[in-house]
Amino acid sequence: MAGRVAGKVAFVTGAARGQGRSHAIRLAEEGADIIAVDICEDYDSIGYPMATADDLAKTVKAVEALDRRIVAAKADVRDPATLRKALGDGVVEFGRLDIVSANAGICSAQTWDQVTPKIWQDTLDVDLTGVWNTMTAAIPHLISNGGGSIIATSSVAGVKGLPFIAPYVAAKHGVIGIVKAMANELAEHSIRVNAVLPTGVMTHMAAGISNMTQINAEHPDMGPIHMNTLPGVHAVEPVDISNAVLYLASDEARYVTGMEFKVDAGNTIR
């Protein structure tokens, strides 16, 4: 199968639905085999349901329908040992690793005084430490492969002080810091490290923080901070982000590293 990432193997976290599923499918469409993980469990601190094992099975079917191979496992990015095993099993199956999409994430919306210690810790553990755990699990395989591409999902919240999602903002700023540091450190191994920065994306996460509308109504001066520049674009589709991930994963981006790749409908230029 010819394609922009033909013959390559991609590791995608948070792959059961949303952006993760979209990334897995888009990479498979262009020839990659997929190692997919998701926690498939709910978080007590987050007010919307997480993906399920059935959702992960749907990702598997979607990739297989493209005549690509996929290995999927239930794994928590907060648990380095489980994550390493799931990835290692996939590498044994496929024989290599070329691409990493450190995508798994959670978010909740509330004013600062409603941020509990549990909300703070869970958000940073998944959205920041989970990216680090994903990278450190994958890097030895990429080095063995002679190089590769790591794409971490940050956000416009990684470069803007978006109100009412402070733990998420803190984590996504941290992701960009990790990306820049690791882009320097891993360059000698021909491993490129980049961050993709979406604006709002039409996923279950976005639907799960629908209370943001009410919070913004109570603090009207804050609402414009969330607005995109392109008219009528409240949120983008997951595939819009997947196309950026595909580019950064492909040889077309062979000299692109340490980059903040914004797919934000102009959100960050306001």
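This is a predicted model: local features need pLDDT of at least 70, side-chain atom pairs count only at pLDDT 80 or more; totals for chains, interfaces and linings use all residues.
At roughly what angle do the axes of helix α1 and α8 cross, and within what distance do they come?

Seven strands, or 7 in the order β3-β2-β1-β4-β5-β6-β7, make up an open sheet with parallel pairing. At its edges sit β3 (70-74) and β7 (260-263), each of which pairs on one side only. From one strand to the next, the twist averages 15 degrees.

Let's look at some of these pairings in detail. Strand β1 (residues 9-13) runs parallel to β2, and the two are joined over 5 bridges. If you want a landmark in this pairing, find A10, which stands opposite I34 in β2. Further along the sheet order, strand β4 (residues 99-102) pairs with strand β5 (residues 148-153), again in the parallel sense, over 4 bridges.

Helix α5 lies across β5, β6 (191-198) and β7, and runs at about 160 degrees to β6. Helix α8 (residues 238-249) lies across β4, β5, β6 and β7, and its direction is at about 165 degrees to β6.

Each of these two helices also has a helical partner to meet. Two packed helices are described by the angle between their axes and the distance between the axes. For helix α4 (residues 117-144) and helix α5 (residues 166-186), the angle is about 20 degrees and the axes are 8 Å apart. That angle is under 35 degrees, which means α4 is roughly parallel to α5. The crossing of α4 past α5 is right-handed. On the α4 side, the contact includes W120, L124, L128, V131 and W132, and on the α5 side the residues include Y168, A171, V175, I178 and M182. Sorting the residues of this contact gives 18 nonpolar, 2 polar and 2 charged.

That brings us back to the opening question. The axes of helix α1 (residues 18-29) and α8 come within 8 Å of each other and cross at roughly 50 degrees. The two helices are therefore oblique to each other, and α1 passes α8 in a right-handed crossing. From α1, the residues G18, Q19, S22, H23, R26 and L27 take part, and they meet α8 residues including P238, I241, V245 and L246. The contact of α1 with α8 divides into 7 nonpolar, 6 polar and 1 charged.

One last stop is the loop between α7 (212-218) and α8, where you will find H234. Is this residue buried or exposed? H234 has a relative accessible area of 73%, and over 50% counts as exposed, so H234 is exposed. H234 is also 30 residues away from D264 in sequence, and the two are 10 Å apart in space, C-alpha to C-alpha.

Note on methods:
Residues are numbered from 1 along each chain as its sequence is written. Side-chain values use heavy atoms; hydrogens and water are left out. Axes are lines fitted to C-alpha atoms, for helices over the stretch in contact, and angles run from 0 to 180 degrees between N-to-C directions. Angles under 35 degrees count as roughly parallel, over 145 as roughly antiparallel, 65 to 115 as roughly perpendicular and the rest as oblique. A crossing is left-handed if the near helix is turned anticlockwise from the far one by less than a right angle, and right-handed if clockwise. Contact means heavy atoms within 4.5 Å. Ala, Val, Leu, Ile, Met, Phe, Trp, Tyr, Cys and Pro count as nonpolar, Asp, Glu, Lys and Arg as charged, and the others, Gly among them, as polar. Two strands pair if DSSP finds at least two bridges between them. Buried means under 20% relative accessible area, exposed over 50%, partly exposed in between (1.4 Å probe, protein chains only).
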